[in-house]
Amino acid sequence: MNSKEVLAFAKDNGALQVDLRFTDLPGISHHVSYPFTELSESSFEEGFGFDGSSIRGWAVIHESDMLLMPDPETAYMDPFAQTPTIVMTCDILDPITRQHYERDPRWIAEKTEVYLRSTGIADTAFFGAESEFFIFDNIRFDQRENCGFYFIDAEEGRWNSAREANNLGYRPRYKEGYFPVPPTDHYQDLRSQMVRTMIDCGMTIECHHHEVATGGQAEIDQRFNTLVKSADGMMLYKYIVRNVAYRAGKTVTFMPKPLFGDNGSGMHTHQSLWKGGKPLFAGDGYAGLSDLAMNYIGGLLRHARALSAIIAPTTNSYKRLTPGFEAPVNLAYSRRNRSAAVRIPMYSASPKAKRVEFRPPDPSCNPYLGFAAMTMAGLDGILNKIDPGEPLDKDIYDLSPEEMKNVPSMPASLDEALDCLEQDHEFLLKGDVFSEELIETYVNYKRTAEAAAIRLRPHPYEFALYYDI
């Protein structure tokens with residue numbers, strides 16, 4: 001839609017309010033609302049002023065005045081608002097220079113698309129992210145000077161099988177929750193409602209199902225889209241999933257590893273490059289890939305340890321990225337083999353379906369930064385003709401220690417990941433997509449607000465290990 005079409009669409013739907021949304025550096029959505037009478041065609045050129053000094057990662061007190069510039073192509077009617085409300089995603093501009101704000105994650109994703117076209121390699125990067133999440137019934141947590149705890153409960157959790165009251169059984173076993181039918185799958189109808197709401201908001205959904213873990217783990221798959229639109233879609237996806245669950249008296253988390261001893265939530269990300277409407281990843285090489293696709297894989301694997309700070313950006317991410325468990329920590333590629341960090345799906349022989357799936361990302365990442373960074377790594381692989389080496393077409397978890405020595409792995413902690421990003425980020429600076437200042441801001445925020453904060457606090461399990469030492 002263009003600006004005129006947005007105004008007509010809003011009036012046709014009785015909109016009384018306009019809600020403008022943007023994303024902070026860690027990836028949390030924010031909003032501000034105006035009466036619909038404040039929206040006009042000129043609003044799309046003039047923008048809406050706001051104070052950005054309190055937004056995480058944006059703290060610039062001396063230059064806090066900013067502009068929200070609504071993108072008419074993102075408009076939809078909010079399915080949850082009691083007051084009829086039209087929602088739009090915004091870019092952030094400096095009110096004096098009218099330049100894009102360099103810490104706006106959406107602008108970084110937009111610059112990636114510009115840089116991609118400037119290389120002449122391709123004109124479109126497609127992304128399809130498979131985000132997993134948990135649906136719980138109750139969550140309690142706190143951290144104080146003298147205590148720290150969390151407590152999760154879910155009607156579907158296998159741990160409730162011994163409960164006396166109101167117990168009808170039918171709960172997925174640990175690590176055996178993949179694709180059961182109801183009543184073992186408790187949330188078929190809730191997920192269906194989520195999907196219906198997504199479709200009503202203009203999203204294209206391919207499927208939904210229960211995931212491997214007990215306790216309500218789920219997955220809903222969006223159809224692939226261009227880089228920025230796919231990131232916009234992931235932000236809307238999270239908003240809809242959380243609110244549908246909340247209205248049903250449930251709570252959703254995109255934490256990578258909320259449950260001990262069961263599978264965590266990933267965000268396997270399918271990606272491909274196209275030019276002039278033709279796919280560039282199809283060829284006659286390994287798994288039906290082109291040389292260009294192999295170099296793209298080489299870039300992903302070469303820079304995967306640095307990427308981890310952006311695509312697996314929380315301390316909790318490294319509870320999932322643990323050797324020997326469900327996450328692909330070993331940096332190799334393979335067709336079909338799901339224990340490889342890069343997998344080449346073999347569902348279809350169509351050149352249009354040829355893509356690579358990068359499996360280490362999780363849904364705690366900022367999709368604008370994550371998709372941008374992965375694209376930049378892949379492009380670096382193409383520009384420098386990085387060879388990904390030989391494929392690993394056997395279960396990586398069954399390799400001997402001698403064989404494993406030759407397979408590099410993802411970092412084991414957020415601190416290590418941030419070290420890797422500091423040491424290897426030149427590929428992100430090309431085309432002025434990322435900046436040194438942005439990377440420094442991001443690393444400092446993650447080190448102080450998250451990694452150091454966790455490191456300083458006693459862990460409940462330390463009491464079990466050491467109280468009587």
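Which side chain meets Arg 106 in a salt bridge? The partner of Arg 106 is Asp 71, with 2.8 Å from N to O. A salt bridge here is a side-chain nitrogen of Lys or Arg within 4 Å of a carboxyl oxygen of Asp or Glu. Arg 106 belongs to helix H3 (residues 105–119), while Asp 71 sits in the loop between strand E4 (65–70) and strand E5 (76–77), so this pair ties together parts that are 35 residues apart in sequence. Helices (H or I, at least four residues) and strands (E, at least two) are DSSP runs, numbered from the N terminus.

The model is predicted: local features need pLDDT of at least 70, side-chain atom pairs count only at pLDDT 80 or more, and totals for chains, interfaces and linings use all residues. Residues are numbered from 1 along each chain as its sequence is written, and side-chain values use heavy atoms, with hydrogens and water left out.

Both Arg 106 and Asp 71 are buried. Buried means under 20% relative accessible area, exposed means over 50%, and partly exposed lies in between (1.4 Å probe, protein chains only). The two residues also belong to a network of salt bridges that links Asp 71, Asp 91, Arg 106, Glu 110 and Asp 232. By the rule given above, the count of salt bridges comes to 27.

Another salt bridge joins Lys 430 and Asp 380, at 2.5 Å from N to O. Lys 430 is in the loop between helix H12 (426–429) and helix H13 (436–456), and Asp 380 is in helix H9 (residues 367–383), so the pair ties together parts that are 50 residues apart in sequence. Lys 430 is partly exposed because its relative accessible area is 28%. Asp 380, at 9%, is buried.

A further salt bridge lies within one helix. Asp 200 pairs with Arg 196, and their closest N and O atoms are 3.4 Å apart. The two are four residues apart in helix H4 (residues 188–200), which means a separation of about one helical turn. Asp 200 counts as exposed at 58% relative accessibility, and Arg 196 is partly exposed at 46%.

The surface also has a nonpolar patch of about 550 Å², made by Ile 139, Phe 141, Tyr 150 and Phe 260. Patches are made of residues with over 30% relative accessible area and no salt bridge; like charges are joined within 9 Å, and nonpolar side chains (Val, Leu, Ile, Met, Phe, Trp, Tyr) within 5 Å. Accessible areas come from the Shrake-Rupley method with a 1.4 Å probe, and for residues only the protein chains shown count as cover. Ile 139 is found in strand E8 (residues 138–143) and is partly exposed, at 34% relative accessibility.
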